[in-house]
Amino acid sequence: MNTSLQIDQDIKAAMLAGDKPKVTILRGLKSALLYVAVAEGKRDQGLDEAKVIEVLGKEAKKRQDSADMYIKGGAEQQAQAELAEKLIIEAYLPQQLSDDQLAQIVDQVIAEQAATSSQQLGAVIGAVKHKTTGQADGGRIAALVKERLS
C-alpha cells in the first residue's frame, strides 16, 4: 500500500481511538508531504513512493536532531517526546540496513566505479544513496564511504 494512503488511514484510526498525540504527529507528516508536493508542482498527482520515503526520512532526522539538542540542554522530557515522534515516523520507513549489509553495498559501488581516492567520494555516496533509498541514513553512508576510500 502507498505510504501516503497508509498515513491517511492511520490518521482516521488514531482519531477514532482518541489518540491526539499520534493524530498531531501524523497530520504534521501529511502536511510535510503536501508542502513538498506543492513545491514540486505535484499536488494533484501526489508524490511518488521514493520521494515520500525521502521526506519521511528527513522528518525522522529532524526529530533525532531535536532530541540530541534537548539532551545537550538537559531537557530530558522534551528529548523523549521527540524520540517518541521519531518512532512513529520510522514505522513508515523501510527497515534500515545492518552495518554489514551497508558495507557490502558500499564495497560493491566502489568496485563498480573503480573508486580509489577521496576525490570520488561524492559520486560513490550518491550511488549508494540511490541503491539504498531510505534504508540507510546519509551520515552512516558518508562515514562508511570515507572510511573505505581513505
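Here "partly exposed" sits between two cut-offs: buried is under 20% relative accessible area and exposed is over 50%. All the views below come from a predicted model.

**View 1. Arg-140 and Asp-99 bring H7 and H5 together.** Take Arg-140 first: with a relative accessible area of 27%, Arg-140 is partly exposed. Its salt-bridge partner is Asp-99, and the closest N and O atoms of the two are 3.0 Å apart. Arg-140 belongs to helix H7 (residues 138–149) and Asp-99 to helix H5 (residues 99–113), so this pair ties together parts that are 41 residues apart in sequence. Asp-99 itself counts as exposed, at 56% relative accessibility.

**View 2. Lys-30 pairs up with Asp-8.** Here's another salt bridge, with 3.2 Å between the closest N and O atoms of Lys-30 and Asp-8. Since Lys-30 lies in helix H2 (residues 20–39) and Asp-8 in helix H1 (residues 3–17), the pair ties together parts that are 22 residues apart in sequence. How accessible is Lys-30? Lys-30 is partly exposed, with a relative accessible area of 42%. Asp-8 is partly exposed too, with a value of 24%.

View 3. An α-helix has 3.6 residues a turn, so residues three or four places apart point the same way. Glu-59 has a relative accessible area of 9%, which is under 20%, so Glu-59 counts as buried. Lys-62, at 47%, is partly exposed.

**View 4. A five-residue salt-bridge network.** Glu-40, Lys-42, Lys-51, Glu-54 and Lys-58 are all linked up here through salt bridges. For context, a search of the whole structure turns up 14 salt bridges.

**View 5. H3 and what its buried residues pack against.** The 24 residues of H3 should span 34 Å at 1.5 Å a residue, and the end C-alpha atoms are 35 Å apart, which agrees. Which residues of H3 are buried? Val-52, Ile-53, Val-55, Leu-56, Ala-60 and Ala-67 are among them, and so are the charged residues Lys-51, Glu-59 and Arg-63. The buried residues of H3 pack against H1, H2 and helix H4 (76–90). Just after H3 comes Gly-74, with a positive phi of about 80 degrees.

Key: Residues are numbered from 1 along each chain as its sequence is written. This is a predicted model: local features need pLDDT of at least 70, side-chain atom pairs count only at pLDDT 80 or more; totals for chains, interfaces and linings use all residues. Side-chain values use heavy atoms; hydrogens and water are left out. A salt bridge is a side-chain nitrogen of Lys or Arg within 4 Å of a carboxyl oxygen of Asp or Glu. Helices (H or I, at least four residues) and strands (E, at least two) are DSSP runs, numbered from the N terminus. Buried means under 20% relative accessible area, exposed over 50%, partly exposed in between (1.4 Å probe, protein chains only). The expected span of a helix is 1.5 Å times one less than its number of residues. Contact means heavy atoms within 4.5 Å.
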